[in-house]
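Hello,

Here is the structure I promised to pass on to you. Have a look at it first, and then read my notes below.

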2 protein chains.
Amino acid sequence: MTYSISDLEQLSGIHSHTIRIWEQRYKALSPMRSQGNTRLYDDRQLRKLLNIVSLTKSGFKISKICSLSDEGIDKLFDQQFSYSSDDEQADYYISQLISYGLAFDECSFNDLIDQGIYKLGLSDCYRKIIYPLLVRLGLMWRKDDICPAHEHFLCNIIRQKIFTHINNLQLTGHSGEKWLLFLPEDEDHDIGLLFASYMLRMHHHQVIFLGSKVPLDSIKRVLSTVKVSHVLFFMIKSRLASTAQKIIDQLSEICSSTKIHLAGNSEVIGKLNRIDHINWFKTLGEFEKTIQYPVLHERNF
Amino acid sequence: MTYSISDLEQLSGIHSHTIRIWEQRYKALSPMRSQGNTRLYDDRQLRKLLNIVSLTKSGFKISKICSLSDEGIDKLFDQQFSYSSDDEQADYYISQLISYGLAFDECSFNDLIDQGIYKLGLSDCYRKIIYPLLVRLGLMWRKDDICPAHEHFLCNIIRQKIFTHINNLQLTGHSGEKWLLFLPEDEDHDIGLLFASYMLRMHHHQVIFLGSKVPLDSIKRVLSTVKVSHVLFFMIKSRLASTAQKIIDQLSEICSSTKIHLAGNSEVIGKLNRIDHINWFKTLGEFEKTIQYPVLHERNF
DNA sequence: TTTTTTGTTTAAATATATTTAATAAAATTT
DNA sequence: AAATTTTATTAAATATATTTAAACAAAAAA
């Protein structure tokens with residue numbers, strides 16, 4: 001599997017021009033070449049680029065970063081983005097879960113995650129264990145400690161858990177608020193969205209869950225079929241500001257009479273324009289506060 | 001959303017040259033053009049191409065098909081690929097489920113599918129209702145009766161059901177056979193694979209479920225970590241024979257000491273070369289027979 | 001401020017993909 | 001077997017993407 005320079009542009013959010021000049025000036029990447037001299041990158045190079053970008057965003061200068069050896073960059077990245085958190089118990093769970101994942105040991109993973117959910121409830125388990133686990137998986141891929149198969153394996157067990165909990169919810173009545181949940185066409189990671197679906201249902205909201213890879217056009221058709229109060233979507237991947245902006249503008253036009261909510265990568269969302277009408281959930285807490293309110297309101301009647 | 005001619009080539013399995021000559025000779029498609037005269041296709045054109053291809057495979061001549069009006073082609077396609085089956089009760093379920101899906105009425109869909117699973121068991125419900133429902137959804141998209149949002153909505157509820165049933169399996173011991181399940185990078189539809197996972201677990205096989213979009217490289221890493229007896233994957237999409245062959249050859253090299261099983265689109269799989277060492281499940285029945293055998297064998301001890 | 005570092009813009013050359021058109025090969029029909 | 005229909009191959013022209021290189025502009029550091 002190889003990437004073109006425009007693939008890297010999309011995946012890293014760094015213009016191809018800049019990728020080239022980093023190569024020329026600082027030897028940042030050393031891509032293979034096609035027969036006709038076109039740059040070809042592999043996963044290792046993509047990882048390196050993503051790590052370099054993260055370090056620049058942490059304030060390191062590109063010249064300084066690239067003066068280091070590959071190992072030096074990895075070490076600096078390790079330093080800046082380490083696995084440990086402040087919650088010891090959660091860290092234990094996470095490390096243990098990942099070590100089961102690395103061995104593709106579904107039974108043990110399953111037992112331990114069930115235990116976590118049983119002790120904390122799904123909501124707190126997600127906040128304290130599952131979400132940090134997903135973040136760590138992303139980091140581990142970037143440090144080449146895991147491969148995509150590990151991620152797929154773990155994510156599908158987690159999906160299984162959240163789907164099961166959604167399925168087992170015994171809902172009586174609802175708030176009258178209807179939420180439409182989806183991810184745009186270039187997004188893959190639907191676990192956060194799935195958890196949002198669970199939380200909304202917990203709080204007696206109706207949910208239309210579309211999952212990932214939904215063409216924006218078909219959102220229009222949903223809105224013309226059903227009365228929807230809220231649209232929620234995520235932008236998790238790094239992308240070019242222009243790509244992200246295009247999605248926002250197009251969706252805003254479609255959802256002129258529906259409240260839009262957005263969560264995800266603050267690097268990307270922070271750079272967006274014309275989002276005054278959009279509600280940005282910067283934390284999980286903000287989301288929970290928003291969805292709880294209407295229920296309290298209902299209780300007051 | 002627009003497609004290039006090479007996108008259409010990948011999605012339909014028809015060479016771009018042929019798509020052009022069909023346009024020139026028979027006015028098969030009439031794509032928009034970019035500023036610089038490059039063909040641009042939309043969903044409507046893609047649908048039409050797919051329908052034309054299906055009709056040619058049914059024995060109609062391209063010249064005859066294209067001599068018809070758009071409506072004529074739709075009508076002929078309707079005739080050849082109609083929704084009805086021979087099982088009246090299943091047809092009732094399917095129509096009803098789809099009508100709930102069209103209205104995004106999750107509650108009703110949920111109740112009815114639960115009822116179907118309760119009456120038939122998940123296995124028979126899948127065979128008689130869910131699988132034909134998925135086939136009909138595909139047809140409906142090609143007839144422009146539904147949009148991607150409908151499909152996403154329904155598929156996620158179905159996913160929820162199968163995941164829940166997998167989660168609720170109480171497994172005691174296992175056969176010793178370990179199966180690795182995945183879809184290659186260009187495949188999306190993981191419901192069949194998920195059902196296969198359920199069936200295998202039912203029959204006390206161990207499963208490593210990776211889901212869709214797994215790079216072949218990382219399959220190698222799984223096989224070097226864990227002892228796997230069987231690898232199962234699907235090829236459902238239409239593609240160029242050469243694209244499909246490449247996947248097969250690459251996987252065969254990786255899985256030199258593991259039995260490979262394959263299921264999916266017989267149009268595509270039928271054209272493959274060098275698959276003597278691969279087991280092709282042509283029907284669901286064949287799959288069930290294969291996975292039952294080792295269990296019977298075990299009982300004989 | 002001045003210098004250095006960094007990222008963007010521009011331009012011309014080249015590579016790759018697409019278009020058009022003509023021809024060869026294969027498959028079907030007569 | 002011959003004629004017809006259909007698909008594959010080839011070649012030259014054009015469109016689009018990528019490469020290289022230089023000049024420019026903005027930001028940060030001295």
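Let me start with one pair of residues: Lys57(A) and Glu267(A) form a salt bridge, with 3.9 Å between their closest N and O atoms. By salt bridge I mean a side-chain nitrogen of Lys or Arg within 4 Å of a carboxyl oxygen of Asp or Glu. Before you go further, please note that this is a predicted model, in which local features need pLDDT of at least 70 and side-chain atom pairs count only at pLDDT 80 or more, while totals for chains, interfaces and linings use all residues. Residues are numbered from 1 along each chain as its sequence is written, chains are lettered from A and ligands numbered from 1 in the order in which they are written, and side-chain values use heavy atoms, with hydrogens and water left out.

**Inside chain A**

Chain A has a domain 1 (5-80), a domain 2 (88-168) and a domain 3 (178-299); the bounds come from an automatic or database domain assignment. The C-alpha centres of domain 1 and domain 3 of chain A lie 32 Å apart. Even so, eight residues of domain 1 of chain A are in contact with seven of domain 3 of chain A, where contact means heavy atoms within 4.5 Å. Between them these two domains bury about 570 Å², 53% of it on carbon and sulfur atoms. Buried area is the accessible area (1.4 Å probe) that two parts lose on being put together, summed over both.

How many salt bridges are there between domain 1 of chain A and domain 3 of chain A? The count is one. On the domain 1 side, helix H1 (residues 5-12) of chain A gives the most, with four residues. Helices (H or I, at least four residues) and strands (E, at least two) are DSSP runs, numbered from the N terminus.

**Around the DNA**

DNA strand C is surrounded by 21 residues, and the closest are Thr18(A), Trp22(A), Arg25(A), Ser6(B) and Arg39(B). Here a residue is near the strand if one of its heavy atoms lies within 4 Å of it.

Several serines reach phosphate oxygens of DNA strand C with a side-chain N or O atom: for Ser6(B) the distance is 2.6 Å, for Ser34(A) 2.9 Å and for Ser63(A) 2.9 Å. The largest share of the surface near DNA strand C, five residues, comes from H2(A). That surface has four nonpolar, twelve polar and five charged residues. In this scheme Ala, Val, Leu, Ile, Met, Phe, Trp, Tyr, Cys and Pro count as nonpolar, Asp, Glu, Lys and Arg as charged, and the others, Gly among them, as polar.

**Where the two chains meet**

Now for chain B and chain A: 40 residues of chain B are in contact with 40 of chain A. The area buried between them is about 3100 Å², and carbon and sulfur atoms give 56% of that. On the chain B side, Phe104(B), Phe163(B) and Arg221(B) lose the most area to chain A, together 18% of what that side buries.

Two salt bridges are counted between the chains. In the one formed by Arg201(A) and Glu106(B), the closest N and O atoms are 2.7 Å apart. H8(B) gives the most to the side of chain B that touches chain A, with 13 residues. By class, that side has 19 nonpolar, eleven polar and ten charged residues.

Happy exploring!

Conventions. A polar contact is a pair of N or O atoms within 3.5 Å; within protein, one must be able to donate a hydrogen and the other to accept it, and residues adjacent in sequence count only if both atoms are side-chain atoms.
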